[in-house]
4 protein chains.
Amino acid sequence: MAETKAPDSTRRSERSRRAIYDAALALVAEVGYAKTTIEGIAARAGVGKQTIYRWWPSKAAVLLEAFLDLGRQANEALGGDADSEIPDTGDLEADLKFVLRATVDEMTDPKFEAPSRALAAEGVVNPELGARFVEQLLEPQLQLYAKRLAAAQEAGQVRAGIDLRIALELFTGPLAHRWLLRTQPLSHAYADRLVEYALYGLAPR
Amino acid sequence: MAETKAPDSTRRSERSRRAIYDAALALVAEVGYAKTTIEGIAARAGVGKQTIYRWWPSKAAVLLEAFLDLGRQANEALGGDADSEIPDTGDLEADLKFVLRATVDEMTDPKFEAPSRALAAEGVVNPELGARFVEQLLEPQLQLYAKRLAAAQEAGQVRAGIDLRIALELFTGPLAHRWLLRTQPLSHAYADRLVEYALYGLAPR
Amino acid sequence: MAETKAPDSTRRSERSRRAIYDAALALVAEVGYAKTTIEGIAARAGVGKQTIYRWWPSKAAVLLEAFLDLGRQANEALGGDADSEIPDTGDLEADLKFVLRATVDEMTDPKFEAPSRALAAEGVVNPELGARFVEQLLEPQLQLYAKRLAAAQEAGQVRAGIDLRIALELFTGPLAHRWLLRTQPLSHAYADRLVEYALYGLAPR
Amino acid sequence: MAETKAPDSTRRSERSRRAIYDAALALVAEVGYAKTTIEGIAARAGVGKQTIYRWWPSKAAVLLEAFLDLGRQANEALGGDADSEIPDTGDLEADLKFVLRATVDEMTDPKFEAPSRALAAEGVVNPELGARFVEQLLEPQLQLYAKRLAAAQEAGQVRAGIDLRIALELFTGPLAHRWLLRTQPLSHAYADRLVEYALYGLAPR
DNA sequence: TAATAAGCGAGACGGTACGTCGAGTCTTCAT
DNA sequence: ATGAAGACTCGACGTACCGTCTCGCTTATTA
C-alpha cells in the first residue's frame, strides 16, 4: 500500500531548489509562461528533470512556490514585516487610497507582472492551483482590508451591518478586473476615484 | 509587406466552419481547454488540420470565435435582440439586481463556464486575444450598464459628475473577481448586496 | 461501366504541356527529384494542379515524358535522325569505342544526369515506370548495339552462335553499373578497356 | 563545428534498435519502400519516433543498417564465415558460374529483393547513401571476385595486364543491370552464358 | 570506517501534439 | 469543356516536451 514513494525532504538539495526558483522566474519573465517548459527550467537551473518532478506536481506549482518565495525574500529584504498592515491614520479614505495606489504600482511592476498574470490565469482554469493561489497570495492581502475596514466600522466610519467581505471587494474587485483583462488602464487617479465612490456607499447614512 | 498568402474567404467552406465551432465547444466542455488540441478539434469536426490553421492563428482564437458564434446563435434563437438591454423600470436598484442576478446565473451555467473561463484565462496572459475577448464579448455587456447608468444619471438617481465607466465596474468588477478566482461563492444574495452597497455610493448626497 | 472520365485529348492545351515539361525538368535539375513536387511543377508552369493530374498518373510519368520530349527535341535540333545509328566503318572495335565514349559523355552531362538518374531510380523500385523507361529510353539504344553486332557477326567478326542480346550487355552493363551506383569513375579510357576486353570474348576463336 | 548534440550511444537501447530493424524490413517487404514511413516503423516497433530520428538521419539509412544487420545475422546463422569466399577449384569458369548462379538466386529471393532494390534506388539518387551502400554491401562482394580473378591471373588463366577491376565488372555489371532495370529475366543459363563470353575475353591469347 | 541508500545531473525512452508540406480531389470562375 | 486557382481531407514530416525510467556520482547516515 502507501504512496508510490515519498521523497525524503531532509535530504533535499537547497541549492537545487533555489536554482529552480530562479530559473522559473527568469524564464517566465523572458519568454512568458506558455513557452516556459519544465525541461527549460531544468536546463537553466542545471538540474535534472527528475529533481523537479520529484518535488512539484506541475509547472504552475513550481512557479507558484517560486513566486511565494520571491515575495518572502522581498519581504525580508524590506525589514521583515513590511506590507503586513494597512496604515490606520484615522482617515479611512486616505489610508485606502494609499494602499490601492501601492497595489496599482505593484501590478504595474514588470518584475511581478509576468508571473502573477501567469498564476492568475492558471488559477482561473485550474481550480486546484487557483485555490492555492488565492489562499497563499490573494487572501492574505484581502484580510488586511478586512482588518482595516473592521476598525473603521468600529469607529463608526463604516455603516454597521455592512458585510465587510463584500465591502472590500468593492475596492479590490474593479482593480483586479482592470488588471486581469486590461479593460482600462490602471492609474493612481483611478484608484482614488474607486475609493471615493465605493467608500461613499459604505458610509453611514 | 509580404503577407504570407491570404486565403480567399469567399470560397470558404461554411460546413467546415460550423463543424469546427461545434467540435471546439464540445471538446472544451468535455475535457477542458488544456486538453483540447487542434488535432482533436480537426478530427472531431471531420476536417483537415490545415483547414483550422488556414483560418485561425491559435486554439484560443478558434474558441473565441466559436463562443461568439454560440452567443450569436443563442441570441437569434431568443427572438433576435434579446438581452441587448438592461431593463429600465425607473427603479435603478431593482433593474441592476435583475441583471446582476442573470449574470450570476450565466456564470454558473456549466455550458458557458468552461469556454468562457478558458478564454478569460488565455486573455489574461495573451494581450492580443485578451483585447479581442474584451472588445467582442465583455465590452458590449459593459456598455449596457453604461447606458442604464447614464439614464439614471439623467434622471438624477446617480450623482452628477460620477465617471460612469468606473461606476459600472463597482458592480461588475467584484462579480468577475469572485468568478474568475473563485474567492467566494456567487449567489443572488451576493449580487443584491453588491448592488446595494455600490449604488449607495453613487447616489446623490 | 466506363472510365471515371476520359479527358478529351483533342482539346488539350499544347501550351500547358510544354510549360509542364519545362518546369519539371528545371525543377529536377535545380532541387533534385525527391524535392520536386507536383504542386511545384504546377506553380512553376503557371498551371493548375488538376491539369497535371488530368493527363499524368504520377510525378515520375511527367518526368519520363518530359525527358523523352527533351530527347526528341535534341534529336530534331541535330538534324532529324542523329544518333539513331552506330557507325559501321568496318572496324567494330573502333565503332564501339566511339559510341561508348559518347555514352560516357552523355551520362556525365549534368543536363541529362539529374533526370535520368531520377527516372532510373524510380524504375528500379516501380516496375510499371521501369518498364516504360526501359522500353522507351533504354531499349532503343540497346537495339542499336544489337544491330551493329549483328552486322559484325555476319561479317565474321563476332563468333557465330553468340547470343547478341547477352553480348551487348557486356558493353552496356558494366557502364550502367558504374554510372548508377558510382562504384568507379567513368572515363573514355574505361570505355575503351571495356570494349577491348569484352570484344575479345566475342571474337571468333 | 557546433555539432547539434551527439546522443550517448553507450546508453542506447538495444531492444529498440532490434525492433526498429525488424519493423523496417517487415514494412518494406509488406508495403514497399515508398509506402514505408518512419512513423509506421516507429509504431510497428513500439518505439517513439524520436528514437529513430535520434540515431538515423533518414528512412534509407535505417533500412541500410537493418539490411546490413540482416546479412550479418544470416551470416552468423550459417556458421560464421559463410559466403565470404569464392571457391577455388582450379576451374575458373566453373567457380564463376557457381557464384554467379548463387547471386542470381539471391537477387530473386523475395526476402532480399524489396529492401535491396529500395536501397539501390535510393543510392542512385542520393550519393551519400549510395556511397555507403556500395562500400558496405556491394564492394565486399566485388572484392571476392577480385581475389578469385587475381588467383586465376597468377595461375595464368587470365591474361597478364588485364585490369581486374574492369574484368570483374564484365560479370557483375550485366547481371546488375538486368536485375535493376528488369530489362531481361535472370536465370542460371544467363549467368552461365555471361561467364563464358566474358571469360573468353580475358583468357590468354 | 565501510556500506548502503538517498538525492542528484544527465539524458534515452515511449508518447502526444505541434505546425508545415504535399498528395490527390473537388469546386468555382473565366476563357 | 478546358484550364487556372485554390480550398478541401488526409497523412506524414521532423521537432518539442511530456512524464517515466535508468544510469553513474556524490553525499550522509547507519551497521
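Tutor: Domain bounds here come from an automatic or database domain assignment. For chain A that assignment gives domain 1 (13-77) and domain 2 (92-202). This is a predicted model, in which local features need pLDDT of at least 70 and side-chain atom pairs count only at pLDDT 80 or more, while totals for chains, interfaces and linings use all residues. Residues are numbered from 1 along each chain as its sequence is written, and chains are lettered from A and ligands numbered from 1 in the order in which they are written.

Student: What makes residues of domain 1 and domain 2 of chain A count as being in contact?

Tutor: Two residues are in contact if their C-beta atoms, placed from the backbone, lie within 7 Å. The contact takes 11 residues from domain 1 of chain A and 12 residues from domain 2 of chain A. The domain centres, taken over C-alpha atoms, are separated by 27 Å.

Student: Which helices of domain 1 of chain A give two or more residues to the side that touches domain 2?

Tutor: They are α1 (14-31) and α4 (59-77) of chain A, and α4(A) gives the largest share, six residues. A helix here is a DSSP run (H or I, at least four residues; strands are E, at least two), numbered from the N terminus.

Student: How do you know how many residues on that side of domain 1 of chain A are nonpolar?

Tutor: Ala, Val, Leu, Ile, Met, Phe, Trp, Tyr, Cys and Pro count as nonpolar, Asp, Glu, Lys and Arg as charged, and the others, Gly among them, as polar. Sorted by those classes, that side of domain 1 of chain A has 10 nonpolar, one polar and no charged residues.

Student: And how many residues meet between chain B and chain A?

Tutor: 39 residues of chain B are in contact with 39 residues of chain A. On the chain B side, α8(B) gives the most, with 12 residues. That side divides into 25 nonpolar, eight polar and six charged residues.

Student: What makes a residue near DNA strand F, and which are the closest?

Tutor: A residue is near a strand or molecule if its C-beta atom, placed from the backbone, lies within 6 Å of it. By that rule 41 residues surround DNA strand F, and the closest are D8(B), G48(B), D8(C), G48(C) and T37(D). By class, this surface has eight nonpolar, 16 polar and 17 charged residues.
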